[in-house]
Structures are given as structure tokens and as C-alpha cells.
Amino acid sequence: PPVMLVELLFQAACVSLFLPGGQGRVYPGRKKPASFAVERRRVGPHVCFSGFGSGCCPGWMLSPGSGQCTLPLCSFGCGSGLCIAPNLCSCPDGEQGITCPEPPGTCGEYGCDISCNHGGCQEVARVCPLGFSMVETANGIRCTDIDECLSAACEGLCVNTEGGFVCECGPGMQLSTDRHSCQDTDECLATPCQHRCKNSIGSYRCSCRPGYHLHGNRHSCV
């Protein structure tokens with residue numbers, strides 16, 4: 001059938017070996033088209049022909065500078081290495097393979113996004129605002145607030161906020177300058193007692209001078 005014939009012609013004319021000197025090789029068994037030599041010089045050695053035109057063979061792409069099919073493709077990406085042939089990377093450590101190992105921890109704590117680059121794909125670190133972590137959900141990746149109170153060292157009460165947290169202290173106590181620990185509030189500085197005031201941790205107590213007794217309101221003297 002004509003379809004099978006076109007397919008056989010396409011396979012027979014596919015040039016996929018990179019030979020020294022930049023010369024291609026045609027699979028034996030078929031005569032190459034009359035225009036093959038001219039076409040090959042024009043677009044490079046890695047050209048596949050079919051009954052409907054020509055294009056780069058699998059594993060190769062057009063070089064932007066020359067417009068020739070001489071640029072190899074590494075579908076897994078080469079990271080910091082170089083793509084030297086289809087799915088063959090030359091790595092900084094001198095090794096060769098289908099990809100180059102990435103240094104550990106290159107993506108940080110928020111994971112990676114895949115970004116297209118020359119010859120394949122590479123991982124790019126994702127970043128969330130401070131106080132947020134990246135979570136993968138059914139609807140995709142999103143940044144969610146971190147509950148710092150799970151690990152915060154508040155002496156009193158910890159209140160989680162969007163992107164952070166605050167420490168709070170109980171009655172009669174106030175937050176220290178370090179914003180984490182609590183210290184006693186000296187209520188006597190506000191002179192709540194009519195005669196005498198004695199401060200205590202988290203509270204205070206009023207008393208009266210000799211000849212007076214403390215009123216039932218615990219502040220006035222009679």
C-alpha cells in the first residue's frame with residue numbers, strides 16, 4: 001500500500017549517526033534522492049526525508065546560528081553539563097550519561113518547578129514568602145501559612161498570624177523586649193492603692209497606715 005511505501009522510504013532515508021567529519025550515512029538498500037546531497041549540505045547531516053519534505057532526525061534540532069540539523073537533544077537535561085549527542089551528556093566531573101547528577105539540595109525547602117532550557121529541561125527552585133511553605137494539592141502547588149506556634153519558644157501564649165506569630169502574656173505580666181519571655185508588671189507604679197501598695201508576681205496588694213483598716217473594695221482605707 002502507498003502508506004507503507006512512504007513509511008519505508010522515510011525510515012530508509014533517516015540519517016541518525018554522527019560520524020567524524022560531520023558526514024551522514026544513509027541506510028543501505030535504497031538509492032538516495034537526486035537532491036539529497038544538495039539538501040544535506042544545506043541543512044546539515046542529521047536530516048530525515050519523507051515523501052512530503054524533510055526535517056531533523058529524532059534526537060537532533062536546528063542550530064539557531066546555521067539553520068542546520070546539528071544540535072543534539074538531551075530530553076532529560078544535562079544540568080550544569082553539556083549535551084554532546086542525543087541523550088548523551090558530558091558532565092563537569094568528566095563522566096558521560098543520559099543526564100548529569102544535580103548537587104543535593106539545589107531546590108531548597110520549597111521544591112522545584114520544571115523549566116525548559118536548551119536541549120531539555122531543568123529544575124528551578126520555587127520560593128514562597130517568609131512564613132509560608134509550599135504544599136502540593138489536588139489543584140496544584142500553593143503557599144500555605146506555617147504555624148510557627150508548633151515550634152515557637154513563647155513563655156506565655158503563642159498566637160499564630162499569617163506569615164508569623166506573636167507571644168502574649170497573662171494578666172499582671174508583660175512581654176519582655178525579646179518578644180518571647182514574660183516579666184511581671186509592677187501594678188503599684190499606677191498607684192492603685194490609697195495608702196500602701198505591695199507588688200507581687202502577676203498581682204499586687206493594698207494595705208493601710210496604722211489607725212486605718214482596708215475598705216471592702218480592697219483599695220481604700222477607712
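What is the accessible surface of the protein chain, and what share of this surface belongs to carbon and sulfur atoms? In this predicted model, the accessible surface (Shrake-Rupley method, 1.4 Å probe) comes to about 14700 Å², with 58% belonging to carbon and sulfur atoms. Local features require pLDDT of at least 70 and side-chain atom pairs pLDDT 80 or more, whereas totals for chains, interfaces and linings use all residues. Residues are numbered from 1 along each chain, and side-chain values use heavy atoms, without hydrogens and water.

The protein chain contains two helices and 17 strands, taken as DSSP runs (H or I, at least four residues, for helices; E, at least two, for strands) and numbered from the N terminus. Of its 222 residues, 24% are buried, that is, under 20% relative accessible area with a 1.4 Å probe, protein chains only.

The disulfide count is 11, a disulfide being a pair of cysteine sulfur atoms within 2.5 Å. Cysteine 78 and cysteine 89 are both buried, and their sulfur atoms lie 2.0 Å apart. The torsion about their S-S bond is about -80 degrees, so this disulfide is left-handed. Cysteine 91 is joined to cysteine 100 at an S to S distance of 2.1 Å; the torsion of about -95 degrees makes this disulfide left-handed. Cysteine 91 counts as buried at 8% relative accessibility, as does cysteine 100 at 6%.

In the disulfide of cysteine 154 and cysteine 167, the sulfur atoms are 1.9 Å apart. Cysteine 154 lies in the loop between β11 (140-145) and β12 (157-161) and cysteine 167 in strand β13 (residues 164-168), so the pair ties together parts 13 residues apart in sequence.

Technical notes. Buried means under 20% relative accessible area, exposed over 50%, partly exposed in between (1.4 Å probe, protein chains only).
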